[in-house]
Amino acid sequence: MERTELNNSTVVKNISTDQSEILKWIIDLHNNGNAFDCDITASELKFYHSKDGKYDIPTPKILMDVYPVNDNIIKITPFEKLPLEDNSVSSIVCDLPFVCSPKTCKSVVDKKEGANIISNRFASWYPMQEGYENIYWWINECKRVLKEDGILVWKMQSSVSGGLQHWLAEFSALCAADCGLYIKDQFILEAKARLISASKINKQQHARKYTSTFWVFKKDDKRNKKVNLLSKLEECKREVYEGKVWPIK
C-alpha cells in the first residue's frame, strides 16, 4: 500500500456505499495489496466486478460454492470439510445468505411473481437455526485452513424473521471469538435503497436494515488472547461476582 498523506478523502473509512471500495480497502490495509486466495461463496463472482470499473478487485485463485454455477467453481457441502489442507491459504472470502424463507412454500414452488424477491436473489435458510449453524461451521472451517496471520473476510447482514431479530452479523463475531480468531476490523456497507415487502406496509415493527457488515477475522493467537470478547466477558463477570470495587477518583 503506497504511503499517502491522510485526510478525510484518503483515509480508509469504516463505512461505504460501494462494496468494491470496501474490498479494495481490505486488500490494501489487511492483505498486503494482494488478491484473496479463496472464495467459498463464489456464486456469479459479483464481488469482483465493480459497477463503474473504479476498483480493481482480482478474482481469487480458488473458487468454491455450495451451488457452483460453472465448472471453474469447486462444489462444497455444508458441514463437510473444505477440500483444503490445514494452514494452507492466506485469505478467504465468505458471503453467506441472511434471509429466512422456506424453500418449499407455495409462493416459491409456484414462482409467484413479486414474491420472495430477496430470498430468490440471495438464497435463504429455513428454519433460521440452519443459518446460525452454518455460520458457526464455516467460520471454524475457515480457521482450520487459514495460515497463521491469515484473514477471513466475512460479509453478513442481520435479519428479522417472524417478528424476531436475528443478529447474524453480531453472532458471527461471537463465533470468531469462540474459535480463537482475532476480530481485526469491521466495515459497514450502507445501501441507498432496500426492497420493501408489500406485506409489511403499515405493520413495521423494527427498523429496516440498510447495512451489511464486512468483518475481517485474523488467525492471530497473540492478539486474540489480549482482547477476545468471550474472555473479556468472563473476566468482567468474575470481577463483579467477586465483589471487586474500582477506586473512585
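**Notes on the predicted model**

1. Lys 209 lies over the face of Trp 167, at 4.9 Å from the ring centre; a charge is taken to sit over a ring if NZ of Lys or CZ of Arg is within 6 Å of the ring centre and within 35 degrees of the ring normal. This is a predicted model, in which local features need pLDDT of at least 70 and side-chain atom pairs count only at pLDDT 80 or more, while totals for chains, interfaces and linings use all residues. Residues are numbered from 1 along each chain as its sequence is written, and side-chain values use heavy atoms, with hydrogens and water left out.

2. On confidence, the chain has an average pLDDT of 87, and 82% of the residues score at least 70, where pLDDT is the predictor's confidence in each residue, from 0 to 100. Over residues 111-122, however, the pLDDT is below 50, although this stretch has 19 contacts in the model beyond near neighbours in sequence; a contact means heavy atoms within 4.5 Å. Where pLDDT is low, the predicted coordinates should not be read in detail.

3. As to the overall make-up, the chain holds seven helices and twelve strands, which are DSSP runs numbered from the N terminus (helices H or I, at least four residues; strands E, at least two). Of its 249 residues, 39% count as buried, with buried meaning under 20% relative accessible area, exposed over 50% and partly exposed in between (1.4 Å probe, protein chains only). Among contacts with a separation of 6 or more, 73% come from residues 24 or more positions apart.

4. Eight strands form an open sheet with mixed pairing, in the order β1-β11-β12-β8-β5-β2-β3-β4; two strands pair if DSSP finds at least two bridges between them. The edge strands, each pairing on one side only, are β1 (15-16) and β4 (74-75). Strands of a sheet pair through backbone hydrogen bonds, either parallel or antiparallel.

5. Strand β12 deserves a separate look, since seven of its eight residues are buried and the strand is mostly covered. It runs antiparallel to β11 over eight bridges, and antiparallel to β8 over six bridges. Phe 217 of β12 is the bridge partner of Ile 183, and Leu 152 also stands opposite Phe 217.

6. Helix α1 (residues 19-30) lies across β1, β8 (146-156), β11 and β12 (211-218), running at about 155° to β11. Helix α5 (residues 168-179) packs on the sheet and touches β8, β11 and β12, its direction making about 5° with that of β12. The axes are lines fitted to C-alpha atoms, for helices over the stretch in contact, and the angles run from 0 to 180 degrees between N-to-C directions.

7. A search of the whole structure finds seven aromatic pairs. Among them, Trp 137 and Trp 138 are edge-to-face, at 6.5 Å centre to centre with 75° between the planes; Trp 137 counts as partly exposed because its relative accessibility is 23%, whereas Trp 138, at 3%, counts as buried. The pair of Trp 215 and Phe 217 is stacked, because the ring centres are 5.9 Å apart and the planes stand at 15°, and both residues are buried. Rings of Phe, Tyr and Trp (its six-membered ring) pair if their centres lie within 6.5 Å, and planes under 30 degrees apart count as stacked, over 60 as edge-to-face and the rest as tilted. Phe 47, Tyr 48 and Phe 214 form one aromatic cluster.

8. Most residues other than glycine have a negative phi. Asn 87, not a glycine, has a positive phi of about 55° and lies in the loop between β4 and β5 (89-95); at 45% relative accessibility, Asn 87 counts as partly exposed. Asp 149, also not a glycine, has a positive phi of about 75°, but lies in strand β8; with a relative accessible area of 45%, Asp 149 is partly exposed.
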